[in-house]
Amino acid sequence: MIEAAALTVDMGAGQAVREASFVIAPGDRIGIVGESGCGKTMLGLALMGMVPDAGHVSGSLMIDGIQMVGAGEVTWQRLRARRVAMIFQEPMAALNPIKRVGETVMEPMMVHLGLGRDAARARALELFREVGIPDPEARLRQFPHEISGGQRQRVLIALALACDPGVLIADEPTTALDANVALRVTQLLVGLAARRTMGLVFISHDLAAVARATERVMVMYGGDIVERGATDEVLAQPRHPYTRGLLSARPSSGNMRATGGRRGRLPTIPGSVPPLAELAPGCRFAGRCPVELKVCNGARPPRQGNMICHRAEEGA
Amino acid sequence: MTLLSVEEVTRRYRLPRQALWSPPPVLTAVDAASFTLEAGRTLGVVGESGSGKSTLARMVMGFERPDAGRILFDGQDLAALPPSALRRLRPRFQMVFQDPYGSLDPRRTVGWSIAEPLRAAGAEERGKVAEALDHVGLRPADAAKYPHEFSGGQRQRVAIARAIVTRPALLVADEAVSALDMSVQAQILNLLMDLQDELGLAILFISHDLAVVSSICDHVLVLEHGKTVEQGAVAQIMRSPGTEYTKSLLQAGGLL
């Protein structure tokens with residue numbers, strides 16, 4: 001169980017995460033969406049106690065009843081892998097290239113759970129079966145470069161599950177994969193969360209994957225959780241201008257807007273996410289927002305219901 | 001006018017021998033693929049990893065020779081051209097890759113990288129780099145910056161500027177928007193369409209994502225393990241996919 005209240009990560013140049021509050025209960029499946037540089041990964045790292053040294057974490061983060069803001073590395077080490085585990089982006093970079101993948105998966109069980117080699121090996125084999133790796137005995141002995149991208153992602157999931165975590169954070173788990181493989185990995189994560197009553201935090205900019213994987217979603221922009229709610233509702237009826245922009249930019253033939261005799265173009269959000277130091281002090285989305293008011297650039301928008309927006313009352 | 005004509009093109013790779021005395025197994029990466037691309041039009045090539053789409057792109061670029069079949073660019077058989085003639089033809093067809101960071105030299109200014117195809121062709125550089133930057137929505141002053149000073153989307157714009165600096169007739173885009181955020185992806189797709197309208201570019205658009213393909217392509221070729229399982233108008237194939245494989249690609253992309 002994770003309870004975050006006004007959780008903030010200050011990187012010096014600016015706040016990568018600003019006053020995030022949410023609860024992740026056992027079995028919950030929560031998506032975090034937004035463009036690169038909006039704080040999704042930083043929020044995930046904060047939940048793992050792995051914010052880079054330059055960052056300062058404040059607010060409150062309770063994991064299974066223990067206050068983790070200000071907790072030392074020793075406390076975090078007791079929790080990591082067992083209570084919260086993370087699947088990092090880029091499966092190739094996350095696996096040691098000169099170690100057999102079986103060894104990599106066995107290591108946390110020997111370190112954190114104190115299992116002997118044989119017990120760890122038996123459990124690694126069990127995990128490989130659980131995540132659907134074919135011919136698991138042979139796989140244990142292989143090196144990362146010998147297996148495909150989809151299988152590598154399954155190995156990483158097995159690695160994250162090694163110490164039976166209560167919450168699994170998956171950072172862009174499907175981004176580097178083919179659509180078909182991505183679909184199967186998503187289904188695997190959903191199945192695991194249900195079977196193990198494990199919380200799942202699914203970080204992705206792929207809205208189709210988030211729609212499949214999660215029940216609730218948080219949309220992040222510039223470190224703020226600008227909109228949240230049931231995944232179906234937010235994706236079907238986005239209210240925040242940023243969520244709307246993201247959804248309408250999805251490439252598809254039905255999304256094209258033709259203008260002045262030219263063939264259709266995709267609707268876009270103008271500009272790009274600014275660097276932390278250049279974020280607007282008020283609404284982070286000011287400057288790119290199509291329905292901006294004068295007040296937006298200066299004052300911080302209030303949180304109203306599921307949204308942080310100056311225009312929340314008019315339904316943006 | 002037919003710009004690119006691919007006729008029954010096959011490419012095989014010899015895999016590592018599995019036993020000492022047995023012949024090495026052969027992988028047919030592309031199996032008798034045929035299509036034509038008209039000037040100014042866009043053809044999508046879709047398939048999963050290992051379907052042969054990148055091999056097809058490399059052959060169209062003349063980086064690899066087909067084992068069978070012909071690739072005609074402007075009526076000239078690429079595989080039959082001597083290297084010097086291929087070099088002379090190079091400015092007419094250019095490529096954009098998935099990872100702009102890997103395809104730009106980190107120690108050179110982007111202006112230097114953009115001018116590379118001009119230098120290779122022995123062409124006059126002056127003014128052309130600034131013009132290319134302008135075409136892709138960057139400022140001429142950006143030529144003095146280094147790749148790390150740009151965001152992912154801007155870097156892809158730089159890569160596109162380099163590809164169009166010689167005013168090619170054909171652009172081969174291999175997963176050119178796959179690594180980008182959805183909002184940036186839309187901007188780059190729109191940019192490609194703008195450039196096509198302005199410069200009359202033909203685009204061979206390679207992607208695993210049918211949603212992206214449907215937004216920019218007129219026609220599409222679906223590859224599975226090197227075999228062409230379906231080809232035709234995008235709208236038609238989206239409406240009634242003719243094979244289970246295409247259907248599964250549509251489903252995986254959330255389009256069915």
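How many bridges join strand β1 (residues 2-10) of chain A to β2(A)? Six bridges do so, and the two strands run antiparallel; strands count as paired if DSSP finds at least two bridges between them. The structure is a predicted model, in which local features need pLDDT of at least 70, side-chain atom pairs count only at pLDDT 80 or more, and totals for chains, interfaces and linings use all residues. Residues are numbered from 1 along each chain as its sequence is written, while chains are lettered from A and ligands numbered from 1 in the order in which they are written. Helices (H or I, at least four residues) and strands (E, at least two) are DSSP runs numbered from the N terminus.

Within this pair of strands, A:I2 has A:I24 of β2(A) as its bridge partner.

Burial follows a count of other C-beta atoms, placed from the backbone, within 10 Å of a residue's own: 20 or more is buried, 12 or fewer exposed, and anything in between partly exposed. In helix α4 (residues 101-112) of chain A, the buried residues are A:V101, A:G102, A:T104, A:V105, A:M106, A:P108 and A:M109. These pack against α5 (117-130), α6 (136-140) and α7 (149-161) of chain A. A:R250, in the loop between α11 and β11 (303-304) of chain A, is buried, with 21 other C-beta atoms within 10 Å.

Turning to chain B, strand β6 (residues 93-96) directs B:F93 and B:M95 one way and B:Q94 and B:V96 the other, and all are buried. β6(B) pairs in the parallel sense with strand β7 (residues 170-174) of chain B over four bridges, and B:Q94 stands opposite B:L171.

Helix α6 (residues 152-164) and helix α7 (residues 182-199) of chain B pack at an angle of about 20 degrees, with their axes 10 Å apart. They are therefore roughly parallel to each other; angles under 35 degrees count as roughly parallel, over 145 as roughly antiparallel, 65 to 115 as roughly perpendicular and the rest as oblique. The contact (C-beta atoms, placed from the backbone, within 7 Å) involves residues including B:I160 of α6(B) and B:L191 of α7(B).

Two residues of chain B other than glycine have a positive phi near 45 degrees: B:E8 and B:H225. Most residues other than glycine have a negative phi. B:E8 lies in strand β1 (residues 2-14) of chain B and is exposed, with 12 other C-beta atoms within 10 Å. B:H225, in the loop between β9 (219-224) and β10 (227-233) of chain B, is partly exposed, with 16 such atoms within 10 Å.

Finally, between the chains, 25 residues of chain A are in contact with 30 residues of chain B. On the side of chain A, the largest share, four residues, comes from α8(A).

Note on methods. Axes fitted to C-alpha atoms, helices over the stretch in contact; angles between N-to-C directions. Contact = placed C-beta atoms within 7 Å.
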